[in-house]
Amino acid sequence: MSVRSPGPWYLAPEKGFGVDGVPVAVVVDAQEQPVANCGSGDIGEANARLVACAPGLLWIVKAAYAEIDTP
């Protein structure tokens with residue numbers, strides 16, 4: 001697994017270009033380095049928004065687990 005920025009991640013303001021020059025939604029980190037190519041169209045936009053939330057969602061899951069797993 002490659003190392004990724006811990007976040008925050010954002011939906012890039014401009015589309016990237018995928019295979020055959022198709023415009024795609026891209027998620028970038030705070031340094032505007034690409035994190036994920038999420039596809040084209042409305043589904044790509046929705047996927048990008050979900051991926052951009054991943055660092056925050058991971059933090060919430062870890063916090064909830066710590067509360068449950070505390071002896």
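**Exercise 1.** Is Asp20 buried or exposed, and where does Asp20 lie?

Solution. Step 1: Asp20 has a relative accessibility of 77%. Step 2: a residue counts as buried under 20% relative accessible area, as exposed over 50%, and as partly exposed in between, with a 1.4 Å probe and protein chains only. Step 3: Asp20 therefore counts as exposed. Step 4: Asp20 lies in the loop between β2 (16–17) and β3 (23–24). Strands here are DSSP runs of E with at least two residues, helices are runs of H or I with at least four, and both are numbered from the N terminus. Step 5: the phi of Asp20 is positive, about 60°, although Asp20 is not a glycine.

The structure is a predicted model, in which local features need pLDDT of at least 70 and side-chain atom pairs count only at pLDDT 80 or more, while totals for chains, interfaces and linings use all residues. Residues are numbered from 1 along each chain as its sequence is written, and side-chain values use heavy atoms, with hydrogens and water left out.

**Exercise 2.** Describe the place, phi and exposure of Glu32.

Solution. Step 1: Glu32 is found in the loop between β4 (26–29) and β5 (34–37). Step 2: β4 and β5 form a hairpin with 4 residues between the strands. Step 3: within this hairpin, Glu32 has a positive phi near 60°, and Glu32 is a residue other than glycine. Step 4: with a relative accessible area of 64%, Glu32 is exposed.

**Exercise 3.** Which strands pair with β4, and in which sense?

Solution. Step 1: two strands pair if DSSP finds at least two bridges between them. Step 2: β1 (residues 9–11) is joined to β4 by 3 bridges, and the two run antiparallel. Step 3: β5 also pairs with β4 in the antiparallel sense, over 3 bridges. Step 4: go through the partners. Val28 in β4 stands opposite Tyr10, and the bridge partner of Val28 in β5 is Pro34. Val27 stands opposite Ala36 in β5.

**Exercise 4.** Which residues on the two faces of β4 are buried?

Solution. Step 1: in a regular strand, side chains alternate between the two faces of the sheet. Step 2: on one side of β4 are Val26 and Val28, and on the other are Val27 and Asp29. Step 3: all of these residues are buried, and both faces of β4 are covered.

**Exercise 5.** How far apart are Gly7 and Ala46 in sequence and in space?

Solution. Step 1: Gly7 lies in the segment before β1. Step 2: Gly7 and Ala46 are 39 residues apart in sequence. Step 3: from C-alpha to C-alpha they are 18 Å apart in space. Step 4: Gly7 has 25% relative accessibility and counts as partly exposed.
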